[in-house]
Amino acid sequence: MDHFAYRNRSLYCDDVPVAELAAHYGTPLYVYSEATLVHHLKQIQDAFAEAKPIICYSIKANGNLSIARLMGQHGAGFDVTSGGEFYRAMKAGPSDAKIVFAGVGKSDAEIQFALENKVYLFDVESEQELHAIGAVAEKMGVVANVALRVNPDLPPKTHVKTDTSVKGVKFGLDIETVLDVAKGVVGHKNLCVAGLHMHLGSPILSAEPYKQGAEKGVKLITELRKQGHNVTVLNMGGGFGIHYRKQEALHASAFAKEILPAVKETGCQLVLEPGRFIVGNAGILVSRVVFTKETGGKRYVIQDAAMNDLIRPTLYDSFHRIWPVTPKDTVPEQPADYEADIPGTIKQDVVGPVCESGDFLAKARNLPELHRGELLAVFSAGAYGMAMASNYNARCRAAEVLVTGGTHRLIRRRETYTDLVAAEVDCLK
Ligand SMILES: *Cc1c(COP(=O)(O)O)cnc(C)c1O
């Protein structure tokens with residue numbers, strides 16, 4: 001479910017015509033629907049309600065302060081993967097928001113910053129990290145709460161670059177060694193092994209991996225408790241899939257069905273770290289066609305959004321639905337139709353202005369014939385879109401707009417040429 005829909009062959013975000021936004025703010029432009037953001041957070045809150053979960057919005061999916069603030073206002077905590085994300089979470093969240101800190105390479109400075117600012121839990125990914133956190137905590141005279149991140153060694157479940165729970169990836173502690181690592185800190189004065197964490201990968205379109213992961217988690221928690229650790233938290237991470245192609249994503253209740261039994265059995269506080277599920281379908285990227293051309297027997301649509309704005313197609317071979325904002329005749333009725341051979345469409349590569357052959361948003365895509373100046377909408381671009389945007393080719397990053405019912409607000413201004421050089425020191429001038 002999202003709040004992007006065509007009315008009389010014009011795309012709307014809630015009650016605002018997208019073409020109006022493009023005219024007002026320019027392109028490329030990220031447009032987010034507040035109603036869709038809140039809807040997805042609430043779907044998780046409702047599905048897991050009986051466990052009274054702590055839902056930590058994963059800031060790396062989309063760190064915009066207004067979006068993070070909205071999440072905090074609706075009861076979410078935050079999952080962060082760097083000191084910078086921790087700072088964002090603190091800036092946007094209510095002062096009592098719970099922050100969990102994951103990532104394989106936390107520096108001492110980041111650890112100290114998190115402890116100073118009352119981090120709820122560190123998700124610990126290696127034995128060295130565990131001891132580094134212990135040492136920083138000792139120096140500060142505090143106790144650090146940690147959850148051991150286990151790699152549950154499950155079969156492949158998503159794109160190889162985003163599968164974080166198969167053997168051999170850099171994430172977490174091997175399931176064979178996690179208990180040995182835990183044994184080494186029994187009775188540690190400055191470390192409390194308060195939880196078990198796993199993040200399986202993303203996007204995941206089946207609940208089965210969560211069932212398998214949770215079952216392994218229950219066994220480990222029993223063993224950790226036997227060692228004397230007072231484990232009170234089960235953190236099942238994020239990774240819930242969204243609608244990229246059609247209506248392929250599961251409802252949050254499908255994941256709840258597999259995760260809740262483990263929560264009951266262990267009596268643990270449940271933590272979840274959803275990012276994509278909340279923000280992915282809540283955002284689109286709007287671009288304008290600059291030129292069209294035919295070359296090498298292919299038809300190209302060159303529009304003003306590029307890999308520096310949305311790198312997912314290049315990085316993960318991802319599919320994003322694309323359609324004109326104000327199509328002349330055909331409007332796909334079902335999301336799946338975006339992939340179909342709709343009469344009147346022709347196969348086209350949708351590319352950007354960046355100087356890389358890998359700069360594309362779609363290849364051999366069925367689209368109506370497009371003309372200079374026409375607007376395109378790239379759907380399901382709310383997660384890992386702007387968050388991964390760069391200034392490559394000295395391109396100014398796009399503006400971001402939040403739509404609430406019939407109103408729209410700028411939540412990040414378009415960058416300027418001055419911004420591009422602002423951090424540089426022109427020392428030879
Ligand atoms: C990226 C990440 C998440 C969020 O993943 P989504 O697919 O956006 O839900 C959660 N936990 C950890 C540890 C992560 O690295």
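Contact is taken here to mean heavy atoms within 4.5 Å. In this predicted model, K60 is in contact with T81, E85, Y384 and A387, leaving aside its neighbours within four places in sequence. The residue lies in the loop between strand 5 (54–58) and helix 3 (65–73). K60 counts as partly exposed because its relative accessibility is 33%. An unreviewed UniProt entry places the feature "modified residue: N6-(pyridoxal phosphate)lysine" at K60.

The ligand is surrounded by 15 residues, of which K60, S202, E273, R276 and Y384 are the closest. An N or O atom in the side chain of S202 is 2.3 Å from an oxygen atom of the ligand. For E273, a polar side-chain atom lies 2.6 Å from a ligand nitrogen atom, while a polar backbone atom of G275 is 2.9 Å from a ligand oxygen atom. The protein buries 95% of the 380 Å² that the ligand exposes when taken alone.

The count of salt bridges comes to 22. One of them joins E129 and K106, with the closest N and O atoms 2.5 Å apart. E129 lies in helix 6 (residues 127–140) and K106 in the loop between strand 7 (99–101) and helix 5 (108–116), so the pair ties together parts that are 23 residues apart in sequence. Both residues, E129 and K106, are buried.

A salt bridge also links the side chains of D163 and K157 (2.6 Å, N to O). D163 counts as buried at 4% relative accessibility, as does K157 at 16%. In the D341 and K347 salt bridge the N to O value is 3.9 Å; D341 counts as exposed at 63% relative accessibility and K347 as partly exposed at 47%. D153, K167 and E176 form a network of salt bridges.

Key: Residues numbered from 1 in each chain as written. Predicted model: local features only at pLDDT ≥ 70, side-chain atom pairs only at ≥ 80, totals over all residues. Heavy atoms only, no water. UniProt positions renumbered as here; feature names shortened; annotations may be inferred. Helix = DSSP H or I, 4+ residues; strand = E, 2+ residues; numbered from the N terminus. Buried < 20%, exposed > 50% of the residue type's maximum accessible area, 1.4 Å probe, protein only. Near = heavy atom within 4 Å. Polar contact = N/O pair within 3.5 Å; in protein donor to acceptor, adjacent residues only side chain to side chain. Areas by Shrake-Rupley, 256 points an atom, 1.4 Å probe, with all protein chains shown as cover. Salt bridge = Lys/Arg side-chain N within 4 Å of Asp/Glu carboxyl O.
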